Amino acid sequence: MPAPAPASPESDPAALAALVEQQRALLEREDEVHRVLVRVVLDGGGLSEVAEAVAGFYGGAAAVTTTDGRLVASAGALEDLPDVTALPCFDRTGRLLVEDEPVGWRDPAGPADPTRALVRIVAGSSELGVLGAFSPGPALSPTDVHVLERAATVAALAITKEQAVAAVEGRYRAEFLRDLLAGRGGEPADAASHAASLGWDVARPLVVVVAETDENDAETTRSAEEVRVLQDRFARAWAQAVRARDTSIAVAGFSQEVVVLQPVEEDADAEAVLRRVGELVRVVRGDGGGGRRTFTVGVSRTVSSVADLRRAYEEAETAVQVGRQVEGGSGVAHFDQLGIYRLLALVPDSADLRRFVTESLGELATDASPENADLRHTLSVLIDTNLNVAETARRLFFHYNTLRYRIAKLERMLGPFTTDPQLRLTLALALRVHRMKGL
């Protein structure tokens, strides 16, 4: 005899009442969440207050990030974790791995991985960021995700408001920084005082850091709006990385570059300065993902007066241009380490430099033969060691007789460079020019 079919809510008044009560409770919770979040925004609260409210709803932690995962605000706590960025879904730079984290709810992958849900923050057709909720308790349900989507709507209001205010302030700050870099900031004491009113400390030893995108926006196939969005994202990434370390550091985005007045020790050498700047670069680049563009960074010499910022800015821009020519992009170059490349970059016609390489190195100027690159490297090390055969053999892991054979072959191809200092200088310059990828 077949089992009786389960009673439907329509035929079971008690089941129907329970279902109606459950739906009523869910709607009341959603309305309460919405009222709390709207009150936060109307009272002048920002993303930090929104994140705090969301963390309270779920009894765990909440985070707001940019579209490429950079943390903007967070609140709440999880057991045994110092902050939300210690979770496995964040990389070592504190960036949410948005490329690996789908929107919606997700069960934990292990004991250290809490249940979580992520939703996009959207205003019109623009995606503004990601809102995440992390709960140490039972898995978040689709209903929780729906509540989180309501919270994302309010977060979009907060972001839009903050972006409008930041756009006005940012334009004013950028114009003032541009004046400083152009030498139009007035007397050093007055300029430093005005910078202090903006929260910037420029009355200390500084280096000018210029970060310029490698893509030429003047020749791109992207639309003007897409270029603007990408540049805004690039500038925000730098601003967030800088302010996370020191809010008194001057930073502003221009048309295709970002400028930072990085404080350093007065006696810091180029290597120490590059290590500090490199930390910022690693944070901005993150561990990949997010659609960010590649960029090259130039660093000036240290200056101790606002009056010297114009010269330092020119040095940083030179370091960007020469560094890109030498490394081909995505590098970090200090002005003091450019060496002879600074002079080579002053040659206006790249064709002259290419012709000089061809005339000086002959067939070694090309890679027509696989042996050519190997012989160029041997020649370069020989010149760098001032023709010290023993040291060159050690660096290249060659037998002494093998290196002697190569030297003889190089002299047959290039001339008696071991005895002719002028020829040696010409070959050294030609090798440096050959390394420049931007010709």
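Analyst: Happy to! Two strands pair if DSSP finds at least two bridges between them. Helices (H or I, at least four residues) and strands (E, at least two) are DSSP runs, numbered from the N terminus. This is a predicted model, where local features need pLDDT of at least 70, side-chain atom pairs count only at pLDDT 80 or more, and totals for chains, interfaces and linings use all residues. Residues are numbered from 1 along each chain as its sequence is written, and side-chain values use heavy atoms, leaving out hydrogens and water.

User: Great. How many bridges join β6 to β8, and which way do they run?

Analyst: Seven bridges join strand β6 to strand β8 (residues 257-263), and the two run antiparallel. Within this pairing, L206 stands opposite P263 of β8.

User: What about β6 and β9?

Analyst: Those two pair in the antiparallel sense as well, over five bridges. There, A211 stands opposite V297 of β9.

User: And how many residues of β6 are buried?

Analyst: Eight of the eight residues in β6 (residues 206-213) are buried, so this strand is largely enclosed by the rest of the structure. Buried means under 20% relative accessible area, exposed means over 50%, and partly exposed is in between (1.4 Å probe, protein chains only).

User: Which residues sit on each side of β6?

Analyst: L206, V208, V210 and E212 are on one side, with V207, V209, A211 and T213 on the other, and all are buried. In a regular strand the side chains alternate between the two faces of the sheet.

User: New topic: how many aromatic pairs are there?

Analyst: Rings of Phe, Tyr and Trp (its six-membered ring) pair if their centres lie within 6.5 Å; planes under 30 degrees apart count as stacked, over 60 as edge-to-face and the rest as tilted. By this rule there are three aromatic pairs. One of them is F90 with F134, a tilted pair at 6.4 Å centre to centre with 50° between the planes.

User: Where do F90 and F134 lie?

Analyst: F90 is in the loop between β2 (71-76) and β3 (104-106) and F134 is in strand β5 (residues 126-135), so the pair ties together parts that are 44 residues apart in sequence. Both F90 and F134 are buried.

User: What kind of pair do W238 and F295 form?

Analyst: W238 and F295 are edge-to-face, at 5.8 Å centre to centre with 70° between the planes. W238 is in helix α5 (residues 224-243) and F295 in strand β9 (residues 295-299), 57 residues apart. Ring pairs also link F234, W238 and F295 into a cluster.
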